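Hi,

Here is the structure I said I would pass on.

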Amino acid sequence: MNKQIRHVSVFSALMVFALLANLTYIDLGRQSSLEANPYNVRARQAEFDVHRGQILAGDTVIADSVPSTDQSSFSFQRVYANGPLYAPVTGFYSYIYGSTRVENSYNSYLVGSSTSQWLQNLIDTTSGRTPQGASVVTTISPTLQQAAAKALQGYDGAIVAMDPHTGAVLAQVTSPSYDPNLLASHDLGAVQTSWQQLTTDPSNPMTDRSTREIYPPGSTFKLIVASAALEKGYTPDTMIDTPSSVQLPGSTSTLSNSSDCGNTQVTLARALQLSCNTAFANLGVALGATTVRDEAQKFGFGSPQLPEVGGVASTFPASLDSAQLMMSSIGQYDVAATPLQMAMVVATLVNGGQQAEPYLVQEVRAPDLSVLYEHQNKVTPVVSASTAQSMQDMMVQVVANGTGTAARIPGVTVGGKSGTSQTDADNPNYAWFVCYALNPDIVVSVFLQRDEKTPVSLWGGANAAPVAKEVLQASR
Amino acid sequence: MAGTIQGYRIRGAAQLIMILFGQSIGFAGYLLTGLFRDNALPSQWPLLAICWYGLGVLLHVGARIAIPYADPVILPITLALTGLGLATLHRIDLTSGSSPMLGNQFIALVIGVALLLVIVFLVKDPRRLKGYPFLLSALGFLLLLLPLVPHLGTEVYGSRIWISVGGFSFQPAEIAKIVLAASFAAYLADKTEVLALAGRRILGLELPRMRDMGPVMLMWVLSLAIMVFENDLGTSLLFFGLFVMMIYVATARVSWIILGLILFGAGGAFVLKFAGHVQRRIDFWLHPFDYPNDATQIIQAQFGLSHGGLLGSGWGLGRPDLIIFSSSDMISAAIGEEIGIVGLMAIIVLYGLLVFRGLKTSLVATDVFVKLFAAGLSFAFLLQTFAIIGGVTRLLPLTGLTTPFMSQGGSSMIANWILVAALLVISNQARRPQHEAAVGPEGVTALGEEFTQVFSTRELAQIGTGAIRPVLPIAAQQVRLGASGNVVHDEDGWTGNDELTQIVPVPAPGTPGTPLVPAAPSVPPKPASPTSPTSPASPASPATPATPASLATPVPSTAPVPLKAPGVPATPVPPATPVPPTTVDPGPRTPGSTAPGPTTSAPTAPAPHDPEDDDYFGRGMD
């Protein structure tokens, strides 16, 4: 019997070792991810005693920590100057609800716990100074941000402006927005009330429509189909059939042009200029689903963009029949994109077919102004320079004589593409306008979801193009 | 002659020093909490010091008087764990905002200690328990199923393992684990032989006979019932694991373990498929962060342990207020956050040490029932600790068991002190020199029934000094046979063998000088002394047919203790009838055998030398 008891002893020892090994694993294997978890109040509590770094837009401080004046146990109060305007960039920093956007993605720099700051922290701690976090400098231009927000007034939607050559995001505006100060308060009861209101508000003010929501891009997607055609040997003068309507294969539904395209044949340039639906439906079928999908993916569909704010991936359906391909070619069916993604499409064409990866954080500076992190531009080729040039010429025609005339600025080279997509008959249209201006070069993507004044009909050319024009003008 | 016998030394001073040291760990935590939080010692600390250390000294004195030979490490570990628990509860009291728990917990501790003292003073012989196997089983099952009674059982966080009577809540499983360990031990001590019999062979696995499966199936169904209706994987695992482990210890058959694992696995899989709440617990365990609102306990425990890090935040500086049930289920996370992963590891090692002292006690004990009881108690204690600490640290799905000696809750505290009391009594009995054991209150006859190897003190003295090891003359005239055929010995009888092996066949009076050859580890057995006319006889051990002959004596056909197992006809031949020497068939026995064999089938292979046993007289005497 003693032999068995000894076996039990060995087994018992294994159980004890399993407990010990698991504890070791918590410390070695899980600690960093647990400490970074947004639900971790303990880690946040420790952070709240740190002088958190600033977030800047250029030289403008958009998030700051000031010594706390209330009766709470926290040493510092986070303050967002002009909170709603920069909320999609800064996110919030809440004791209860954690943090989002740059407050979250650059948290280790802001609290000073990144690996590059440990020595400074050690010196600060041992010398009795309060350790201070680093400052995060974003690419946002306060002028453009404010202009974009002003242009968007009255609409639900989003605007993204970017530098086509570097990928720097110059403006990122969403409407409606919210004030992150409400969630950063030390009055935790009030914070909970605000949270409750914000999360149950039917207009979803905490939703970032510029990078974290995807919508059918409508006719702006024709830029990708046209680029694919040019890459496949088409020229802007290639003739394409454009009957007034085509029957969708395998159904009784038809797809018709919403503008007068002559009902016979048009050139590719003309089809883009007038946004001829049947021409692009035929073009998409001629190119094939794989070609269109590959082109969309080269432009960035399928990959999350702008991780600084948790941007999501735009989508192009994985498998399509002919009818679905026709609808997809005009940016309907299950094609869906973020306003940022459509800005990237135009930026790539303006940058000679080379796509500069979009980014939001220019650099991170320690309290002594030494640079801890600096953005390095990343450029990937998407289409040939000639395709890019042809596309620019065609987009200029859209603004000069096509559906985008509302964005014309005298004396300035402006190109663009309008888009109007329907989800269903009862909902208002989504209106898009993606465009660029040269000298200085800038790309603007406007997405309108709802117009408080005219709730039903929104049109890319009529509603979105004037908004885009305002932003273009503000950049000059 | 008796004076030359060495038993375990009484280690009074060492025990007292260890007790005071163990108590000081928790007390230091209590003082540090005050220093860290308020920059001052707690106001009533001198009073608490007197009560706390007074309790330790009282325990020591009580144990020293009533159970002087008991393992001197058990009480210090228990008090160290209790002290850490009390300090943690005090620390949680400071920030919980609800009514303080320290006072009630201390009262429960005092009750537990009082019960321990009552038990060690009154219960001298734990073997008495074995007379009531059915009563114990009935009581144990009743306790286990009590939470299912409507209006009595209460559901806490999905698990129905508490009962609530008049404002007091109580976890019956705490007491049930002691009662069931005793009932299993009583049942198995009786059935060892039968359960070891082989039935059919399936897939290379020798299954037990179908008719022996009844109690196993009963335990299986009960365990599954606990899993389904009480929704507690931990409790279910605790009792089934305990039962399977005890069957294995009793029968040495691995097939019982495999069978148990298959049964529990199949039952568990079935329950998983059809009872969603168990699946939920497993989801919370595997993906707690997918359920931020439901798996908060596990999530917060993880955060606490990780934020505390290796060395912890320091006493009073963690955030147990963020962990739901930080004072009961999750106390190991609360204390782990403040004294660090290293501190929690030390606590786990303390639990491990306590369990190993219990298993050691089981090794040293001679009586089958007592061995099983001690092993069962120790293993149940370990399973419980493993299940709850493993659950808290996300090694296993979380269960609602308490952390022994630390969790807030009177029933747990009291039950575990009773468990320790039982271990101490067993330990004291097993470790005392046997001349004291023999004049114990049970009297010689009662002891003799259980004894397997009976020596006179003269041989013992010789063995003890190492003068004689392989061949020992036995003073046979001191040995007589009882009327039932049992070996009965006079008050010089000695039972301190490490390994319960073999009934010593006793020659009839008039054949003095019968040699006895214990199988010493290093010395090849000699077949016989020159005076012996006999040939070697193998021990009748089914498990180890190849064991070298350890005895060379005239073998009466029915010297062994008759089995009391019903259904196994034991037909003792009239005693004291010397028969010609025979070689006992070492093969498996059948129920119809006229020679049921010894009370145990344990192998007689020599136990490896255990350094712990250095002060132990009988080592190597397998």
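Leaving aside its neighbours within four places in sequence, which residues is Leu372(B) in contact with? This is a predicted model, by the way. In it, Leu372(B) touches Ala185(B), Leu188(B) and Ala189(B), and also Met246(B), Val249(B) and Ala250(B).

Some of those names come back when you look at the largest nonpolar core, which has 152 residues. The members that touch the most others there are Ala185(B), Leu242(B), Met246(B) and Leu372(B). Helix H13 of chain B, residues 368-392, gives this core its largest share, with 18 residues. Another core lies apart from it and holds 133 residues, including Met391(A), Val399(A), Trp432(A) and Phe447(A).

On to chain A as a whole. I get 17 helices and 19 strands for chain A, and 53% of its 476 residues come out as buried. If you take the contacts in chain A between residues at least 6 apart in sequence, 69% of them join residues at least 24 apart.

Buried, exposed or partly exposed: what does Thr143(A) count as? It counts as partly exposed, because it has 15 C-beta neighbours inside 10 Å, and being buried would take 20 or more. Also, Thr143(A) is 328 residues from Val471(A) in sequence, yet their C-alpha atoms are 9.7 Å apart in space.

Cheers

How values were computed:
Residues are numbered from 1 along each chain as its sequence is written. Chains are lettered from A and ligands numbered from 1 in the order in which they are written. This is a predicted model: local features need pLDDT of at least 70, side-chain atom pairs count only at pLDDT 80 or more; totals for chains, interfaces and linings use all residues. Helices (H or I, at least four residues) and strands (E, at least two) are DSSP runs, numbered from the N terminus. A residue is buried if 20 or more other C-beta atoms lie within 10 Å of its own, exposed if 12 or fewer, and partly exposed in between; C-beta atoms are placed from the backbone. Two residues are in contact if their C-beta atoms, placed from the backbone, lie within 7 Å. A nonpolar core is a set of buried Ala, Val, Leu, Ile, Met, Phe, Trp, Tyr and Cys residues joined through C-beta atoms within 7 Å.
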